[in-house]
Amino acid sequence: MGEDVHGGLAALQRDPYPAYARARKEPGLAFSPELGGWLVARQADVREVLLRPEDFSSANALRPDVMPAPEALAELGRGPGGGPVVVTSDGAAHLRLRAPLIRGLSASRVAAAVPYIAERATALVDAFAGEGRAELMRQYAKRLPGEVIGHLLGLDPADVPAAVHGSYRAEELIFRPLPVQEQIHAARDVVALQLLLLDYAQERRRDPGDDLCSEIVRAIAPGTAALTDEQRGEVVSNLQNLLIAGHLTTTALIGTTLLHLLRHRAQWELLCADPSLIPAAIEEAARYDSAVQGFRRVTTRPVTLAGVELAAGEPVFVAYGSANRDEAAVDRPEVFDITRPPVRHLAFGHGVHGCPGSQLAREQLRVTLETLTRRLPGLRAAAAGERVEMLPTMIHRSPRALPVVWET
């Protein structure tokens, strides 16, 4: 990807909504040079793609925005990862890899985790509640989801910071332009994460427990014999994918939700006065500024979408964020309103690739809003009206930082 195109991509990622609005008004589909594919922007078309996985494959869902340098790829090759993962699989392979996630993130498993979520949320807020100021991304949003998914996976709490660090390095490596030497360092951090996850997988092979790591090992590599190289690669890749998806997306959702509630001050005050609005606030925040803006798909055969004929092998970007602001599907879509009647949104995907962790994300956000509205109702942005920089990504859209203040 050339420099001009990548610069355009970064600008699009920081604020994609004007481009979405233009694309929705165009007949057919708009081709996006920045995204390197056809932009599917209207909700009806997005739903159609998501319900036709046999025609629109997920094989390119995690295609890097910036292809790592050969030196970084060589470093990655030293790790035990590299197997297929649920988000990039289709058909029977997808069902096989998704099954342990559905079991491991069931409603009963999530409900059992709520006391832990509440305990950790309280502890994180306790650490800064008396200070009168905080940077909520660093001190809260980037910590709670990592601790929660680490707990569900069965990681030792002492290993969670390293696992979270490795996750962010993996994201940087495929979604950020980095100097070659920094790519190499990031690749080494990713390999360190993979080796850590391999240790856990092998331990659970010997002594299974009631955790997500054991669930994935049992499902992907049934039996009791030592893991083969192929099984190691598949187990580690899926543990890594779950770890990353299990906290980076929720971190982003917490960050964007708090950003918009504080930016729209009357909405925050309304929520503090009436906590029964929290479930509606969660859905509205997810709709209004979706953490996962969309995923790539690739056509498996000649197809027609929105009246446009696409050949086999055509890349498309399925824009959940645009679908959630489609004027044809949502009343006043550009307005952030936690009192609006329930709206069908696509913030957690749809169809066979719908997010299996959506309920876990919602519970963490619910606990977060209950805790902060009760403990710090006077919370406000540290610099009212100041532009908040969003991270340049379509996968985990969130504020880079969220400084806040309150009276102590």
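A crossing of two helices is called right-handed if the near helix is turned clockwise from the far one by less than a right angle, and left-handed if the turn is anticlockwise. I wrote this down before opening the model, which is a predicted one.

Entry one, H12 and H16. I looked up helix H12, residues 229-263, together with helix H16, residues 358-375, and found that they pack at an angle of about 40 degrees with their axes 10 Å apart. H12 and H16 are therefore oblique to each other, and their crossing is right-handed. I then listed the residues that meet: H12 brings Thr-250, Leu-253, Ile-254, Thr-257, Leu-258 and Leu-261, while H16 brings Ala-361, Gln-364, Leu-365, Thr-368, Leu-369 and Leu-372. Sorted by class, this contact of H12 with H16 holds 8 nonpolar and 4 polar residues, and no charged ones.

Entry two, H10 and H12. Next I turned to helix H10, residues 180-206, whose axis comes within 9 Å of that of H12, the two crossing at roughly 110 degrees. Because angles of 65 to 115 degrees count as roughly perpendicular, I noted H10 as roughly perpendicular to H12. The crossing of H10 and H12 is right-handed. On the H10 side I noted Val-190, Leu-193, Gln-194, Leu-197, Leu-198, Ala-201, Gln-202 and Arg-205, and on the H12 side Gln-231, Arg-232, Val-235, Val-236, Leu-239, Gln-240 and Leu-243. By class, the contact of H10 with H12 divides into 9 nonpolar, 4 polar and 2 charged residues.

Notes:
Residues numbered from 1 in each chain as written. Predicted model: local features only at pLDDT ≥ 70, side-chain atom pairs only at ≥ 80, totals over all residues. Heavy atoms only, no water. Axes fitted to C-alpha atoms, helices over the stretch in contact; angles between N-to-C directions. Helix = DSSP H or I, 4+ residues; strand = E, 2+ residues; numbered from the N terminus. Parallel < 35°, antiparallel > 145°, perpendicular 65-115°, else oblique. Contact = heavy atoms within 4.5 Å. Nonpolar A, V, L, I, M, F, W, Y, C, P; charged D, E, K, R; others polar.
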